[in-house]
Amino acid sequence: METKRLVLVGVGGQGNILASRLVGEACVAAGIHAVVSEIHGMAQRGGIVETDVVIGDATSPIVSEGEADVLIGFEPSETLRSLNKCNENTVVITNVKPLPPFTVAIGQGIYPDIDEALALIKARVRSLISLNGDELAEKAGNLLSLNMVMLGALIGSGVIPLEEGALKETIARSTKQAFLESNLKAFDLGLSAARVG
Amino acid sequence: MHTLLEDSPGKEMLLLGNEAIVRGAIEAGIGLASSYPGTPSSEIPDTFFSLYQEAGFYFEYSTNEKIAFEVAAGAAVSGVRSMVTMKHVGMNVASDALMTLAYVGVNAGMVVINADDPSLFSSQNEQDNRYYARLSGLPMLEPVNAQEMKDMTVAAFDISEQLKLPVIMRTTTRLNHLRGAVEFGPKREMKPKGFFKKDPFHYVTIPAVSRNLHKELVVKYDQALELSENSEYNQIIGNGAWGIVTNGVSMNYVQDAMKDLDIGEKIAILRLGFSYPMPEGMIEKFLRSVEKVLVVEELEPVMENEIRSIAQSKGIGIPIKGKGDGLFSRLYEYDPRIVRQTIASYFGLSDTSPVMVDTSDVPELPGRPPNLCAGCPHRAMYYAVKQVYGTEAVYPTDIGCYTLGVLPPLSMADIGLCMGASIGSACGLAAATDQKIVAFIGDSTFFHAGIPALINAVHNKHNFTLVILDNGTTAMTGHQPHPGVDTAPMGVETKMLSIEAVVRGLGVEHVEVVNPLQVKKAIAAARAAKEYEGLSVIISKELCPLFAKAVKKARKARPFYVDQDKCKKHMDCINLLACPAMYLDKGRTMIDEGLCIGCAVCAQVCPENAILPLKK
C-alpha cells in the first residue's frame with residue numbers, strides 16, 4: 001500500500017492528540033497499518049503539540065522535514081511554522097482562527113497576517129484547504145470539537161485511504177457519548193467545508 | 001474490566017508504547033510494580049495505577065527511583081515478578097542499588113524499564129543509558145515498535161528468570177510515545193505473594209560475599225551471551241554486500257529507507273534487540289558476509305565501538321562507520337530523512353528524498369514556549385519573592401513545572417541541575433559567596449531528593465532561603481500523587497505526610513506557610529525570611545489549578561476584567577506576571593475570560609485597582 005504521511009500541529013488543549021489517535025484506531029479497525037507519534041509533557045503548558053500519523057507500508061513513527069503528504073494545522077501560525085514539513089505535493093488543511101501566544105502580549109514577537117500567511121502557503125504546495133474550524137465547532141454545538149472538524153476536513157480532502165464511515169465509527173466508539181452528536185456534526189461540517197474547499 | 005486486563009489472546013488494539021509495556025507485564029504475571037514518574041515513561045505507572053487494584057497485584061508510586069528500584073528488588077528476591085520504571089535520569093538515582101543487585105541477583109523475573117530521551121523533549125540531558133548495561137553487567141533489550149514493547153517485556157521476564165538477574169529494557173521517547181497495533185498474547189498466572197528465604201551470606205553484600213558474587217556475575221555474562229547469540233531479537237535480515245547495524249526506533253528508519261531507495265537486495269541488516277551482551281559470534285558472521293558497514297544508532301557510538309573491537313579481535317578489516325563528518329551525529333534523535341540520506345551517501349547512491357518547500361521568506365513567527373498556566377500559584381510566589389529579593393539574589397531551581405520560571409519576565413531561575421539540586425547547590429552557593437540565595441523546589445521533588453539536602457543545610461548551618469512550592473501534586477508529569485498528597489479520593493489508602501512537620505522536624509527554625517495568591521502575605525513572608533539570619537523555609541501552599549479542576553476542587557471564582565477607565569497603563573500585570581490569560585489589544589490590556597480562573601493575583605498587583613471580577 002502506498003504510504004501516506006500526516007503531520008498534525010496545534011496548541012495544547014486543541015485536541016490534536018485525540019485526533020491522531022482516532023485516525024490510528026480507525027486504520028487498525030480497517031486493517032490498514034498505521035503508526036502514530038505524539039510528544040507529551042509540555043503540551044498542557046500552552047506549548048506546541050505535533051503528532052504524526054504514518055499510514056501504509058512504512059513503519060517509521062515520524063515524518064521528516066519536506067515529507068508530509070498532508071499537513072493539518074489547528075492554528076494558522078502553527079501551520080505556517082510547520083511549512084518545513086511540506087513539499088510541492090503536500091496538501092495543507094488549516095484552521096484560520098488565530099490563537100496568539102503570550103509572547104505576543106509581552107511584545108516578544110509579532111503575530112503574522114493571516115491572509116499573507118495563507119497566500120504564502122498556497123503558493124508552495126499542491127493545495128490549501130482553509131476553514132474557520134472554531135466557527136464550525138461552535139456551529140456544531142461544542143467549541144471543543146475543533147479536532148472533529150479537522151478530521152472531517154482530512155477525510156474531505158480525499159488524501160488518505162480511510163472511509164468516512166470508518167472514522168465516524170471510531171469516533172462513536174472512542175469519544176465521550178455525551179459529545180457524540182456534536183462531534184459527528186462537527187466532523188460533517190469539516191468534511192463538507194473541505195469538499196467545497 | 002480494563003481492556004489491558006482482558007484474557008483475550010489474538011485481540012488487536014492500538015496502544016501507546018507505554019501501555020504495551022504494561023500489557024506485557026500483565027501477560028508475564030507481574031506481582032509488583034513500582035515507579036517514580038518521569039517523561040517519557042510516566043504513562044507506564046499511570047496505566048498500572050488505573051488497573052492494579054482490579055488486577056490484584058501491588059503497585060506504588062515510590063518516593064524516588066532508587067526506592068522504587070529497591071521495592072521491586074525486594075519483591076524479586078522473594079520470588080515475585082516485579083517491574084520498576086523510570087526515565088533515563090532516574091536511572092542515575094537508582095544506579096546505586098542497580099550496581100549491587102546485579103551481584104545479588106533475583107529469584108523471580110525483574111524488569112527495569114529505562115526511558116531515554118534523545119532530543120531532550122522533556123529532560124535536562126540526553127545521556128545514553130546503554131552504558132548502564134555495560135556498567136552493571138546486566139542484560140539489555142531494545143524494542144523497535146509497539147508490538148515488541150509488549151512481546152519483549154514478556155521475554156525480558158523469562159530472560160531475567162533464566163539468568164537470575166534483573167533485565168533492563170531500554171526505550172526512547174519515540175517508542176514510549178508512539179501508538180501502534182498490538183496483538184495480545186495469553187496471560188500467565190499472577191503471583192502477588194512470595195517468600196523470602198534467608199541466606200545472609202548471599203544477600204548481605206559484605207566484601208567477602210561480594211567477591212564471590214562478582215565472580216558469579218562474570219559467569220552469568222557468558223550465559224547471557226549465549227542467550228543473546230540465539231535470541232529472536234538479534235537477526236541478520238537480507239544477504240546484500242552492504243551491511244547496516246541498527247537498534248531501537250532506528251530500525252524502522254533503516255527499513256523505510258531501503259524501500260525508498262529501492263536497495264533491498266543490496267543490503268544486509270544486523271538488528272540488535274538483545275543488545276547487551278552483544279552477540280559476538282553473530283556479529284563476526286555478519287562482518288564476514290559484507291564489504292562495508294554503517295552503524296545506525298542514536299546518541300553515543302556504543303555498538304559502533306564494540307563492533308570495531310570485535311572486528312579487530314577477529315582480524316576483520318572492512319570499513320565500519322557510524323558517527324562522524326558526513327555521517328551520523330551523536331546529538332539528538334534521528335528521523336527517516338536523516339537515515340535515508342546518510343545511507344545514500346555512505347553507499348554512493350543518489351538521494352530520492354522529496355525537496356522541502358522554500359521557507360526563506362516565512363516571516364519570523366512569535367515563539368510559543370511552554371508557560372506557567374493562567375492562575376498558576378508558582379507565578380504568584382515568584383512575583384512575591386522577586387519584589388523582596390530583586391534581581392541580585394541567586395535563584396537555584398529544581399525539576400518541575402516551576403523550572404519554567406526561568407522565562408522572562410519572571411526570570412526566577414539561575415541554576416538547575418537535577419532532582420533536589422536546588423537545595424544542595426544553595427548550600428555551596430551560600431558557603432562560597434556573600435550573595436543572597438533563594439532556592440525553589442516543588443513538593444514532589446522535595447520528598448524525592450530535597451530532604452537529605454535540607455538536613456545538610458540545617459546541620460552545616462547554611463544561610464539561605466528555601467521556598468517549597470507545594471501545589472499538592474506531581475504536576476509536570478501528569479498529576480501523580482506523592483507522600484504529601486491525600487490519596488483517599490483516588491481510592492487508595494496511604495499515609496499523608498505534612499511538609500511543614502517534616503521541615504520543622506529536620507530542625508529548621510524559621511518556617512512560614514503562606515498562600516501565594518494572597519500577595520501581601522506572600523511578600524511579608526519573603527521579607528521576614530530575608531531579614532532572618534540563617535536558614536529559612538517558606539512553604540507556598542496552593543493547589544495546581546489543573547489538578548484542582550481534575551479532582552473537582554477548583555476555586556469558584558469569577559474571571560477578572562480590566563476596567564479601561566481606571567487602567568493607567570503601568571502594565572505591571574503584563575510586564576511582571578505575564579499570565580497567559582492577559583493580552584494586548586491595540587495597546588489595551590485585556591483578560592481572556594475563558595483562560596482566567598479568577599486567582600486575583602493581577603488585581604492585587606495593579607497599582608490602580610483597575611482589575612476587577614466580572615459581574616454575573
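## Contact between chains A and B

In this predicted model, the contact between the two chains draws 51 residues from chain A and 48 residues from chain B. On the side of chain A that touches chain B, at least two residues each come from α1 (16-29), β2 (34-38), α2 (76-81) and α3 (102-105). By class, the residues of this side of chain A comprise 24 nonpolar, 17 polar and 10 charged.

Strand pairing also links the chains. β2(A) pairs with strand β8 (residues 178-183) of chain B in the antiparallel sense, over 2 bridges. Within this region, Ser37(A) stands opposite Leu178(B), a residue of β8(B).

## The largest nonpolar core

The largest nonpolar core contains 258 residues. Those with the most contacts inside this core are Val70(A), Ile93(A), Met150(A) and Ala153(A) in chain A, together with Ala72(B), Val385(B) and Leu466(B) in chain B. The element that gives the most to the core is helix α4 (residues 88-104) of chain B, with 10 residues.

Val70(A) may be considered individually. Leaving aside residues up to four places away in sequence, Val70(A) touches Leu6(A), Thr90(A), Val91(A), Ile93(A), Leu154(A), Ser157(A), Val159(A) and Ile160(A).

## Architecture of chain A

Chain A has 8 helices and 6 strands. Read from the N terminus, its elements follow the order β-α-β-β-β-α-β-α-α-β-α-α-α-α.

What radius of gyration does chain A have? The value is 16 Å, which agrees with the figure near 16 Å for a compact globule with 197 residues. The C-alpha trace of chain A spans about 50 × 35 × 35 Å along its principal axes. Of the 197 residues in chain A, 59% are buried. Among contacts in chain A between residues at least 6 apart in sequence, 68% join residues at least 24 apart.

## Domains of chain B

The domain assignment of chain B gives domain 1 (3-229), domain 2 (234-346), domain 3 (377-550) and domain 4 (560-613). Taken over C-alpha atoms, the centres of domain 3 of chain B and domain 4 of chain B are separated by 27 Å. Their contact takes 8 residues from domain 3 of chain B and 11 residues from domain 4 of chain B.

On the side of domain 3 of chain B that touches domain 4 of chain B, helix α14 (residues 377-389) of chain B supplies the largest share, 3 residues. This side of domain 3 of chain B has 7 nonpolar residues and 1 charged residue, with no polar residues.

Definitions and conventions. Residues numbered from 1 in each chain as written. Chains lettered and ligands numbered in written order. Predicted model: local features only at pLDDT ≥ 70, side-chain atom pairs only at ≥ 80, totals over all residues. Contact = placed C-beta atoms within 7 Å. Helix = DSSP H or I, 4+ residues; strand = E, 2+ residues; numbered from the N terminus. Nonpolar A, V, L, I, M, F, W, Y, C, P; charged D, E, K, R; others polar. Pairing = 2+ DSSP bridges. Core = buried A, V, L, I, M, F, W, Y, C linked by C-beta atoms within 7 Å. Buried ≥ 20, exposed ≤ 12 C-beta atoms within 10 Å, placed from the backbone. Rg over C-alpha atoms; globule rule 2.2 N^0.38 Å. Domains from an automatic or database assignment.
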